[in-house]
Amino acid sequence: QVQLVESGGGLVQPGGSLRLSCAASKSIFRLNAMDWYRQAPGKQREWVAAVTTGGRTNYADSVKGRFTISRDFDKNTMYLQMNSLKPEDTGVYYCHQVVGDYWGQGTQVTVSS
């Protein structure tokens with residue numbers, strides 16, 4: 001069983017930055033592809049970014065050039081660096097392990113002036 005715990009969300013003004021963290025209960029990132037998803041109020045959950053076991057990254061068009069996904073193997077932690085935030089980035093952000101379909105509990109990001 002894998003536990004994923006997100007943190008780092010909060011309230012930020014448009015144009016600001018946040019870094020989300022996803023801590024895993026055990027060392028999984030070398031062996032598993034991981035994703036970040038988000039869900040805005042009243043909308044379906046949408047995919048945001050992914051990193052493969054080999055370290056290749058991919059991003060939704062809406063965040064490309066602004067968000068960066070990364071991993072720290074020593075800390076068993078995955079990150080999502082979010083820059084130039086927009087109000088439409090508001091939502092609950094979830095980390096996800098592809099194999100086994102594990103999800104964290106989510107962390108709220110609110111972009112508002």
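How many residues lie between S7 and S8 in their hairpin, and which residue in the turn has a positive phi? The views below start there. This is a predicted model, so local features need pLDDT of at least 70 and side-chain atom pairs count only at pLDDT 80 or more, while totals for chains, interfaces and linings use all residues. Residues are numbered from 1 along each chain as its sequence is written, and side-chain values use heavy atoms, with hydrogens and water left out.

**View 1. The hairpin of S7 and S8.** Four residues sit between the two strands, and asparagine 76 in the turn has a positive phi of about 50 degrees. Strands here are DSSP runs (E, at least two residues), numbered from the N terminus. S7 and strand S8 (residues 77-82) run antiparallel, joined by six bridges. To spot one of these pairings, find serine 70: its bridge partner in S8 is tyrosine 79.

View 2. Four strands make up an open sheet, in the order S1-S3-S8-S7, and the pairing is antiparallel. Two strands count as paired if DSSP finds at least two bridges between them. Strand S1 (4-7) and strand S7 (67-72) are the edges, each pairing on one side only. From one strand to the next, the twist averages 15 degrees; axes are lines fitted to C-alpha atoms, and angles run from 0 to 180 degrees between N-to-C directions.

**View 3. Two faces of S7.** Phe67, Ile69 and Arg71 make up the covered face of S7, while Thr68, Ser70 and Asp72 are on the uncovered one.

**View 4. The disulfide.** What joins cysteine 22 to cysteine 95? A disulfide does, with an S to S distance of 2.1 Å; the rule asks for a pair of cysteine sulfur atoms within 2.5 Å. A disulfide is a covalent bond between the sulfur atoms of two cysteines. The link of cysteine 22 and cysteine 95 is right-handed, with 60 degrees about the S-S bond. Cysteine 22 lies in strand S3 (residues 18-24) and cysteine 95 in strand S9 (residues 91-97), so the pair ties together parts 73 residues apart in sequence.

**View 5. Around cysteine 22.** Is cysteine 22 buried or exposed? Cysteine 22 counts as buried because its relative accessibility is 0% (buried means under 20% relative accessible area, exposed over 50%, partly exposed in between, with a 1.4 Å probe and protein chains only). Cysteine 95 is buried too. Leaving aside residues up to four places away in sequence, cysteine 22 touches several residues, including Leu4, Phe29, Trp36, Asn76 and Cys95 (contact means heavy atoms within 4.5 Å).
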